[in-house]
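Please look over the protein chain shown here before reading on. The briefing goes from the whole chain to single residues.

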Amino acid sequence: MRIHHLNCGTMAMGMVDHCLLIETRTGLVLVDTGFGLDAARDPRRFVGPSRTLLGIRPAEHETAIRQIQALGYDPADVRNIILTHLDFDHAAGLADFPEATVHVYGPEFRAATAGRTLAERVRYRASQWAHGPRWMVNELDGTDEWFGFRTVRDLPGIPPEILVVPLPGHTRGHIGVAVDSGAGWLLHAGDAFYVASEIDPVAPKTPLFWWTFELGTVVRDAYHENRRRLVALNRGHGGEITIVNSHDPDLFARVTGNSVRSVG
């Protein structure tokens, strides 16, 4: 199973929008979409005022669809998309893959479509799924575990080497995606942490700048608890698992072996 690391969006402070493209026996799986063609062409509608606050500069060449084409693949071969959550910087490219099945964790789907709080009504942009995606809503069922974390397994159309790992906090239904590459595990933890120092196995630390991002956390206690668990996971199994996230450019560079770039 081959994994490509894609930077699907450039933001302030050098932040990236780290997505995964996974080659499987049954087609391509995309983990998050980053900013899509719509966001690049009409950022006011598809990103909103956050584009100024976060220094977001959607560019067509950084979209997942263009990078997939640059790798020599047909975007129609992206048959499944797994979303860590439905924030605009993670799901704004859904419309570029209208035939793909979109896997989303139940609590996240309900939070995004019901808009329970003002903050949730602001953070989710329904324009990103106005085309009517093929939703596949998954729920936590049973007691399957992965290194002490409960998991959602047996996702329709997804090989068993790919697992959904619920990591609520940043949003109600935020998840990570664990992938058994055959040469070790990769955990894409989404926005469960912002920079690598936060899950350092020896001396975890959240820089002040990144601490301010926690103000947007929906369930603060769950967020802190899951980050603590990621520190423990990194401490106990760092040799077996590579943990990445969505926005740390240094982590992105580490797994691609190069400075920040669009195609890994």
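Predicted model: local features only at pLDDT ≥ 70, side-chain atom pairs only at ≥ 80, totals over all residues.

Residues are numbered from 1 along each chain as its sequence is written, and side-chain values use heavy atoms, with hydrogens and water left out.

**Overall fold**

- The chain contains ten helices and twelve strands; helices (H or I, at least four residues) and strands (E, at least two) are DSSP runs, numbered from the N terminus.
- The C-alpha trace spans about 45 × 40 × 40 Å along its principal axes.
- Of the contacts (heavy atoms within 4.5 Å) between residues at least 6 apart in sequence, 63% join residues at least 24 apart.

**Surface and charge**

- Of the 264 residues, 52% are buried. Buried means under 20% relative accessible area, exposed means over 50%, and partly exposed is in between (1.4 Å probe, protein chains only).
- The accessible surface of the chain is about 11,100 Å², and carbon and sulfur atoms account for 52% of it. Such areas come from the Shrake-Rupley method with a 1.4 Å probe; for residues, only the protein chains shown count as cover.
- There are 26 positive and 31 negative side chains, and the centres of the two sets are 4 Å apart. Lys and Arg count as positive and Asp and Glu as negative, with His and the chain ends not counted; each charge is placed at NZ of Lys, CZ of Arg, CG of Asp or CD of Glu.

**Cysteines**

- The whole structure has zero disulfides, a disulfide being a pair of cysteine sulfur atoms within 2.5 Å.
- The sulfur of cysteine 8 has its closest cysteine sulfur in cysteine 19, at 3.8 Å, which is too far for a bond.
- Cysteine 8 is buried at 1% relative accessibility, and cysteine 19 is buried at 0%.

**Methionine 15**

- Methionine 15 is in the loop between strand 1 (2-7) and strand 2 (18-24). Its relative accessibility is 4%, so methionine 15 counts as buried.
- Beyond its neighbours within four places in sequence, methionine 15 is in contact with Gly9, Thr10, Trp210, Phe213, His247 and Pro249.
- Methionine 15 and arginine 150 are 135 residues apart in sequence, and their C-alpha atoms are 29 Å apart in space.

**Helix 6**

- Helix 6 (residues 106-114) has Gly106, Glu108, Ala111 and Ala112 as its buried residues.
- These buried residues of helix 6 pack against strand 5 (101-105), helix 7 (118-123) and strand 6 (134-138).

**Residues with positive phi**

- Most residues other than glycine have a negative phi.
- Phenylalanine 147 has a positive phi, near 50 degrees. Phenylalanine 147 is in the loop between strand 7 (145-146) and strand 8 (149-150), and is partly exposed at 29% relative accessibility.
- Aspartate 154 has a positive phi, near 55 degrees. Aspartate 154 is in the loop between strand 8 and strand 9 (162-166), and is exposed, with a relative accessible area of 68%.
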